Amino acid sequence: MYALWFYVLTFTGAFGFMDLGFGVAVGRYVGVALGREDFKAVREYWGTGNAIAIPLLAAMGLVFAVVGVTFGPRWFNVDPALVNLLRWSFVAGGVGLFLSYYAQFWFILSQAYLDFKFLGIVRIGLNVLQIVPSIFLAALTRNPLVLIVWGTITGALQLAVFIWHARRNYRLRFDFAHAAWHRAREMAAFTAKTFGSLIVGSLTATVDRLLLGKLAPAFDFTNYSISSNAGQRIVGLSVSVMGPVFHNTSRAVGRGSSESAAAVYNEIFSFTFPWYALIAFWTWLWHPVLLRLWLGQHVGDSISPIFVPIIVGCCLTAISNISTAQLGSLNRVGVGLIFNILTGVLLVTGVLVGWHWSGIAGVAWGFLFSRVVGIIQDLYLIRLVNAGGWLAASTWKHLALQMATGLAFFSTTFLWPRHSLWQLIPALVHGGAVSALLLRQPLRNFLLRTNTNATARVL
């Protein structure tokens, strides 16, 4: 049942191009217009976007359901007794996909207004509302259709909240009356390039699991999906900063400021890189005891050979998301498309060669190999805006410090085996100590701003 659920989720990920890149285009042009303080243009871009997005997303949701119902049972390794359950899951998934992507359309509007505090509160609250009941529903029903339906319900609630907030704070509704053909034509070229990037990116994000759904038995697919799911949670941390990067850079473009793009990249890279370095090193050093604690000895041992390369690869993907966001706002979507295609080619090659070379473990290393394209993309963006990132000396000094710190704690392997639960002690101390160091400066800045604002209010 877990494999069946992930068959639907994997296919959902392959439809990441569902809005044809139009949502990103509208967000970018709204952000540039806000940077120019042209509020008439904001309303026109938004009304045009709604007039196109609603029928487009409804049609794509229908296509998803039809394709899933027709071809899903033929592509994935499904028990014949579960074929109808898979088909109904695709039907529910089509409705959920429409609601999710249209809610994303309104989500991008709030990002264009830099309303990230509101978005953070809503997304955290709705994620808790979706996940916590899902755990109980999974335990009670063991039915993926129930989980997909519940996700669809929470998606509808999310859309309602975003619409209410936009009407209340931005005075924007659907605004069909302000839709204009010249705004659609203005956004067409950017949309076309974004669509190409999205369709390739959607396939490259899921092609390893799509191929494994055909090649691998359900047991191997499930093990890979568990590791990939953990990795995607890690990538999700960087997805949360892509909005601020994209929309702050778009406003800088609207103001005609070129130095701001480099400042945005440097600030986000210096904030996120140390955390991803910690995740990568910590996973590499302590994954045997972590997997034993999380999944038990038997399942943990079967996942261990593929867990580290997938997590490290996801950390590299997460870091490259910064440059991905900036390439869009700088209107370098075509270059981003080239990098996406290269990633897909390397990933397909890695999956096929890795499977024949060493089974599921080879696929995991093939996934990691394909992430080198993300580093090349980062270097291109760094040279384009004259930023630091990978080329900054501080990055490599921090990397060396993290390695030295991790290896110092790792010396406890001379006392206990790597699977021993006693290893949790140095693992927790290692993670906690480095996290405290990373939080020290942000916490100091937060306290300084708080004291400054309190003093200003008193004065």
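**Reading the model**

Mentor: At 42% relative accessibility, Arg-167 counts as partly exposed, because buried means under 20% relative accessible area, exposed means over 50%, and partly exposed lies in between (1.4 Å probe, protein chains only). This is a predicted model: local features need pLDDT of at least 70, side-chain atom pairs count only at pLDDT 80 or more, and totals for chains, interfaces and linings use all residues. Residues are numbered from 1 along each chain as its sequence is written, and side-chain values use heavy atoms, with hydrogens and water left out.

Trainee: Where is the place of Arg-167?
Mentor: Arg-167 sits in helix α6, residues 144-169. Helices (H or I, at least four residues) and strands (E, at least two) are DSSP runs, numbered from the N terminus.

Trainee: Which residues form the positive surface patch?
Mentor: Arg-167, Arg-168, Arg-171 and Arg-173 form it. Patch residues have over 30% relative accessible area and no salt bridge; like charges are joined within 9 Å, nonpolar side chains (Val, Leu, Ile, Met, Phe, Trp, Tyr) within 5 Å. Lys and Arg count as positive, Asp and Glu as negative; His and the chain ends are not counted. A charge is placed at NZ of Lys, CZ of Arg, CG of Asp or CD of Glu.

Trainee: Which residues make the nonpolar surface patch?
Mentor: Ile-124, Val-128, Ile-131, Val-132, Ile-135, Phe-136 and Leu-140 make a patch of about 740 Å². Accessible areas come from the Shrake-Rupley method with a 1.4 Å probe; for residues, only the protein chains shown count as cover. Take Ile-135, in helix α5 (residues 116-141). Its relative accessible area is 53%, so Ile-135 is exposed.

Trainee: How many salt bridges are there?
Mentor: Side chains of opposite charge can pair when their charged atoms come close. The rule is a side-chain nitrogen of Lys or Arg within 4 Å of a carboxyl oxygen of Asp or Glu. The count comes to 5 salt bridges. One of them joins Glu-44 and Lys-40 at 2.6 Å, N to O. Both lie in helix α3 (residues 39-75), 4 residues apart, about one turn of the helix.

Trainee: Are Glu-44 and Lys-40 buried or exposed?
Mentor: Glu-44 is buried, at 10% relative accessible area. Lys-40 is exposed, at 58%.

Trainee: What else does Glu-44 meet in a salt bridge?
Mentor: Arg-183, at 2.7 Å, N to O. That pair links distant parts of the chain: Arg-183 is in helix α7 (residues 181-215), Glu-44 in helix α3, 139 residues apart. Both Arg-183 and Glu-44 are buried. Through shared partners, salt bridges join Lys-40, Glu-44, Arg-183 and Glu-186 into one network.

Trainee: How far apart are Ala-262 and Ala-387?
Mentor: In sequence, 125 residues; in space, 4.8 Å, C-alpha to C-alpha. Ala-262 belongs to helix α9, residues 259-295. It is buried, with a relative accessible area of 10%.

Trainee: What does the secondary structure of the whole chain come to?
Mentor: It comes to 14 helices and 0 strands. The radius of gyration is 23 Å, close to the 23 Å that the globule rule gives for 459 residues, so the chain is as compact as a globular protein of that length. That radius is taken over C-alpha atoms; the rule is 2.2 Å times the number of residues to the power 0.38. Along the principal axes, the C-alpha atoms fill a box of roughly 65 × 60 × 45 Å. Buried residues make up 51% of the 459.
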